[in-house]
Amino acid sequence: MKRFLSLTLTALLLLSLLTACGGAPQADTPDNEDTPDTEDSQDGPAVLKVAALSSGYETNYPGMWQEVCDAYTAETGMEVTLTLEKNLEDVIGPSMQGGDYPDVVLLATGREKGLTEQFIKDKLMADITDVLSMTIPGETGTVSDKLIPGFVGTNATNPYNDGKTYMAPMFYSPCGLFYNAALFEEMQWPLPTTWDEMWSLGEQAKAEGIALFTYPTTGYFDAFFYALMYSVGGPEFFNKATSYAEGIWDTPEGQQCFDIVAKLAEYTAEVTPAQANESDFSQNQQLILDNKALFCPNGTWLPGEMADAPRADNFQWGMTALPAVTSGGDGASYAFLEQIWVPSGAKNVDAAKEFVAFMYSDTAADIFLKGGAVQPINGIVDKLEGDNVLFYSIYENGASAVVGIFSSYNAVAGTVGTNREEFFDPVNDLVSGNTTKDQWVARFKEASDLMRENLL
């Protein structure tokens, strides 16, 4: 499972920085560009502290991250200590309260506890733009030479729209609707290519006692909604919507997004909201394996995450893009992107940058591939095997690739929460009938206006 610190933790984080630095944070943030790295004042070789989320990739290949860290040590001589946990925020939070930060953090945006978003909002990330021009340790090319175009420069890596990179793109995963291909073949159901076809399929499935849709948690609606916005209105609408353009949700495209989600809620398995949490999310995913729901939004890590789960006879994973709005139009698949970043309070910023650069080496990439973790680097698709060949070919089969996230904004305590809290958590109430579409839309629009007024 890939998917916010409380205000108390936020306050403690800021307090620890103030205490440790004797004032406001003086590191590589947008407001403090010229402060030297703290490691320059240290004597002797540093020990690099890396903290990474233990996700389904680590489940697929236990020891994946340790092997990468060992390879970095072998290449550079730099000793690395690794913190690897599924509940990474809970583990590194207490030490950060005391001002003890990891040097490198692998933790994406979009998770329930929102630690990465909090670091963005409080401008506590180091500027790592120069990593792009660094030579990859052990190789002759630079990071930017290796990266597939389009994965740097969006608000997923440059959250302040200042031309600087604060998060490096790490693993990427085409996201779509996962289903049991064997069931579709047995029932002779064609995959829906438009939303009208989707609603028709929903009625057919209902007649068989099967729900059309489920979702692990509301956190998975970010990737779903990004693809939906793009398929409904193309890149222009997507860019305006993700930057909270005034009046954007009153447009026909905005209204269509609301209409689709609200109607989809009517076709969602009734049990879904009760299980849509960090503890029980896999039970919603299990609905697909048990033929109790047809589609579940997810990423390419899902098969590995559910590898040991029971399933219907002849079960076979399938993945499709979100349907097009009109016949003949293109579907869309969001490329979920995990980010790796350096806290501005880290002791070894320069060494941390070198470690980030090493993440794009062939050595590291080949190790990550053993766990099914795919990086946006040239030639990577040619190395894929098994289900990943199908999943990562989704863009070659006509789906539009969608990259980018909602723009970051200053926290407004007691007024507006995270994108997930304001936009997507209410979907649980839509499904259960505890809120109406109009109530959800009104909250969505109000939150979007506040986010625009408080953009970073």
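Accessible areas come from the Shrake-Rupley method with a 1.4 Å probe.

**Figure 1. Overview of the predicted model.** The structure shown is a predicted model. The chain exposes about 17,800 Å², and carbon and sulfur atoms supply 47% of that area. Of its 456 residues, 58% count as buried. The chain contains 19 helices and 10 strands.

Figure 2. Tyr-172 and Tyr-392 are buried. A tilted pair is formed by Phe-225 and Trp-249, at 6.0 Å centre to centre and with 40 degrees between the planes. Phe-225 lies in helix H9 (residues 221–242) and Trp-249 in the loop between H9 and helix H10 (252–266), so the pair ties together parts that are 24 residues apart in sequence. Phe-225 and Trp-249 are both buried.

**Figure 3. Lys-123 over the face of Tyr-160.** The view shows the placement of a lysine over an aromatic ring. Lys-123 lies at 5.6 Å from the ring centre of Tyr-160.

**Figure 4. Packing of helix H3 against helix H14.** Helix H3 (residues 64–76) packs with helix H14 (residues 349–358) at an angle of about 115 degrees, and their axes are 11 Å apart. That angle makes H3 roughly perpendicular to H14. The crossing in which H3 passes H14 is right-handed. Eight of the 10 residues of H14 are buried, so this helix is largely enclosed by the rest of the structure. The buried residues of H14 include Val-349, Ala-351, Ala-352 and Lys-353, as well as Phe-355, Val-356, Ala-357 and Phe-358.

**Figure 5. Packing of helix H3 against helix H15.** H3 also packs with helix H15 (residues 362–370), at an angle of about 170 degrees and with the axes 9 Å apart. H3 and H15 are therefore roughly antiparallel to each other. H3 passes H15 in a right-handed crossing.

Figure 6. Ser-55 is placed in the loop that runs between strand E1 (47–53) and helix H2 (56–60). Its relative accessible area is 6%, and Ser-55 is buried. The C-alpha atoms of Ser-55 and Leu-84 are separated by 9.3 Å, although these two residues are 29 residues apart along the chain.

Figure 7. Tyr-244 is not a glycine, yet has a positive phi of about 60 degrees. This residue lies in the loop between H9 and H10. Tyr-244 is buried, with a relative accessible area of 0%. For Asn-314, phi is near 65 degrees, again a positive value in a residue other than glycine. Asn-314 is found in the loop between helix H13 (302–305) and strand E8 (317–320). With a relative accessible area of 68%, Asn-314 is exposed, whereas Tyr-244 is buried.

Terms used: Residues are numbered from 1 along each chain as its sequence is written. This is a predicted model: local features need pLDDT of at least 70, side-chain atom pairs count only at pLDDT 80 or more; totals for chains, interfaces and linings use all residues. Side-chain values use heavy atoms; hydrogens and water are left out. Helices (H or I, at least four residues) and strands (E, at least two) are DSSP runs, numbered from the N terminus. Buried means under 20% relative accessible area, exposed over 50%, partly exposed in between (1.4 Å probe, protein chains only). Rings of Phe, Tyr and Trp (its six-membered ring) pair if their centres lie within 6.5 Å; planes under 30 degrees apart count as stacked, over 60 as edge-to-face and the rest as tilted. A charge sits over a ring if NZ of Lys or CZ of Arg is within 6 Å of the ring centre and within 35 degrees of the ring normal. Axes are lines fitted to C-alpha atoms, for helices over the stretch in contact, and angles run from 0 to 180 degrees between N-to-C directions. Angles under 35 degrees count as roughly parallel, over 145 as roughly antiparallel, 65 to 115 as roughly perpendicular and the rest as oblique. A crossing is left-handed if the near helix is turned anticlockwise from the far one by less than a right angle, and right-handed if clockwise.
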